[in-house]
Amino acid sequence: MKQLTIAEGIHMLTMNVEDILFEGIWEIANGVTLNSYIVQGEKTAIIDGVIGWDGVPETLYRNLAEIGVEPKRIDYLVVNHMEPDHSGWISNFRKIKDNFTVICTEKAAKMVASFYGEDKIRIVKEGDTLDLGKGKVLSFHPVPNVHWPDTMYTYEKATKTLFSCDMFGAFGRMGEHCFDDELTPEEIDFFEAEGIRYYSNVMGTFTSSLRKAIEKANALEIKTIAPGHGPVYRKNPQKIIADYSRFSRYAEGAGKNEVTILWGSMYGMTAQAVAHVEGILQREGVKFNKLEMPLESESEMIATVFKSAGIIIAAPTYEYKLFPPVAAALNELGRKKITGKLAFRFGSYGWSGGAERELKEIMERNNMKWDFLESVEFEGAPKKEDLMKVEDGVLALIEKMKEKVVE
Ligand code: FEO
């Protein structure tokens with residue numbers, strides 16, 4: 001756990017977590033940080049506590065003591081969001097101290113009670129304040145469905161610091177550099193990619209609510225954004241607001257100037273056409289990513305499709321339907337409400353087709369509104385004329401995706 005100072009009387013404790021499935025689902029190849037913040041006036045509040053795993057609360061207490069905050073003197077636990085990565089230590093903390101108050105929204109209060117049995121709760125609404133003394137006043141601003149219904153921002157007025165919880169967060173472990181003005185160009189790129197992974201994996205389903213949260217942030221005068229995961233933005237908080245705004249467009253069909261090939265092949269017939277497509281994309285100088293299903297992690301698959309302006313789906317028919325690992329990937333993209341992507345599909349079939357019919361069913365069932373170019377299906381191995389049709393489709397995609405590019 002690392003100790004940092006945001007401003008006088010405002011501390012940050014951050015730890016890297018690795019080797020977990022985030023939310024029990026997401027493989028996070030590059031880890032994630034859990035950030036906690038302490039605001040000290042005459043009273044002391046801790047915002048976004050930490051996960052309750054073995055040894056973690058005790059590590060938190062030790063680090064609090066090292067920065068001069070005696071854990072037993074904490075008066076308020078501000079639970080911006082009840083998900084246990086931010087609140088899992090409450091029961092452990094109750095064992096060492098009995099007289100503290102949980103501050104949270106009404107929706108969070110219900111869950112704090114049901115998950116941890118807490119009843120010393122002060123429910124806050126939009127604009128409510130908590131005066132900690134010595135000029136430190138916190139105000140509370142619900143941002144429902146980011147990504148849970150209970151979420152809120154906490155804002156410290158004197159320093160204009162927004163404690164934004166999951167909003168404006170990113171996956172990715174932090175090394176020595178935890179503030180935006182310290183990040184190297186490589187680290188900036190790293191956290192942009194990990195921000196996209198975080199947004200698409202965890203928040204993507206709730207894009208309309210995230211847009212409202214962006215508006216709410218824009219209505220506040222902000223000098224620093226301190227999220228629950230990832231770097232703190234003190235030099236240019238507007239950058240992460242603009243990034244999140246851009247990510248919200250990726251969820252609805254825009255993307256970077258790159259193509260993603262989402263593909264799978266049973267016996268290499270569809271793979272022959274994929275190899276041909278790679279040659280075309282290289283020849284045309286188009287950046288592309290390849291996701292072979294089911295070998296790719298769900299986290300990587302969603303993030304990569306999410307950020308791309310053009311999608312190529314290469315999958316054969318399997319038992320009268322779409323090759324199952326690719327069908328499962330598309331269903332997951334539908335659950336994440338990744339809509340409006342420009343796409344082109346091709347694939348092989350043996351004794352009958354059927355992949356195309358299931359592809360349409362998946363798109364309709366999930367209301368995905370993807371814009372498909374005419375598909376190409378071929379019997380068995382792709383022949384020269386099939387590859388020419390595939391090339392026509394790829395070239396049309398490259399041309400049309402220019403309308404979708406937002407960098
Ligand atoms: Fe960082 Fe929604 O948990």
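This note goes through some features of the structure, which is a predicted model.

1. The sheet. Seven strands make up an open sheet, in the order E1-E2-E5-E6-E7-E8-E9, and the pairing is mixed. At its edges are strand E1 (2–7) and strand E9 (121–123), each of which pairs on one side only. From one strand to the next, the twist averages 25°.

2. E1 and strand E2 (residues 10–17) run antiparallel and are joined by 5 bridges. One place to look is Leu4, whose bridge partner in E2 is Met12.

3. Helices on the sheet. Helix H1 (residues 56–66) lies across E1, E2, strand E5 (32–40) and strand E6 (44–47). Its direction is at about 145° to E2. Helix H4 (residues 106–116) lies across strand E8 (101–104) and E9, and runs at about 135° to E8.

4. The pair H8 and H12. Two packed helices are described by the angle between their axes and the distance between the axes. For helix H8 (residues 269–283) and helix H12 (residues 384–400), the axes come within 10 Å and cross at roughly 45°. The crossing of H8 with H12 is right-handed.

5. The contact between H8 and H12. On the H8 side, the residues that take part are Ala273, His276, Val277, Ile280, Leu281 and Arg283. They meet Leu387, Val390, Glu391, Val394, Leu395 and Ile398 of H12. Sorted by class, this contact of H8 with H12 holds 9 nonpolar, 1 polar and 2 charged residues.

6. Lys383. The loop between strand E22 (376–379) and H12 contains Lys383. With a relative accessible area of 38%, Lys383 is partly exposed, because that value falls between the limits of 20% and 50%. Lys383 and Phe191 are separated by 192 residues in sequence, and their C-alpha atoms are 44 Å apart in space.

7. Helix H9. This helix (residues 298–307) is mostly covered, with 8 of its 10 residues buried. The buried residues of H9 are Ser299, Met301, Ile302, Ala303, Thr304, Val305, Phe306 and Lys307. In the loop between strand E16 (287–292) and H9 is Pro294. The peptide bond that leads from Met293 to Pro294 is cis, and its omega is near 10°.

8. Another cis bond. The peptide bond from Val146 to His147 is also cis, with omega near -15°. His147 belongs to the loop between strand E11 (136–142) and strand E12 (152–156). For background, most peptide bonds are trans, and most residues other than glycine have a negative phi.

9. Positive phi angles. Glu319 is not a glycine, yet its phi is positive, at about 50°. Glu319 sits in the loop between strand E18 (317–318) and strand E19 (321–322). Asn367, likewise not a glycine, has a positive phi of about 50°. Asn367 is found in the loop between helix H11 (355–365) and strand E21 (371–372). Its relative accessible area is 46%, so Asn367 counts as partly exposed.

Note on methods
Residues are numbered from 1 along each chain as its sequence is written. This is a predicted model: local features need pLDDT of at least 70, side-chain atom pairs count only at pLDDT 80 or more; totals for chains, interfaces and linings use all residues. Side-chain values use heavy atoms; hydrogens and water are left out. Buried means under 20% relative accessible area, exposed over 50%, partly exposed in between (1.4 Å probe, protein chains only). Helices (H or I, at least four residues) and strands (E, at least two) are DSSP runs, numbered from the N terminus. Axes are lines fitted to C-alpha atoms, for helices over the stretch in contact, and angles run from 0 to 180 degrees between N-to-C directions. A crossing is left-handed if the near helix is turned anticlockwise from the far one by less than a right angle, and right-handed if clockwise. Contact means heavy atoms within 4.5 Å. Ala, Val, Leu, Ile, Met, Phe, Trp, Tyr, Cys and Pro count as nonpolar, Asp, Glu, Lys and Arg as charged, and the others, Gly among them, as polar. Two strands pair if DSSP finds at least two bridges between them.
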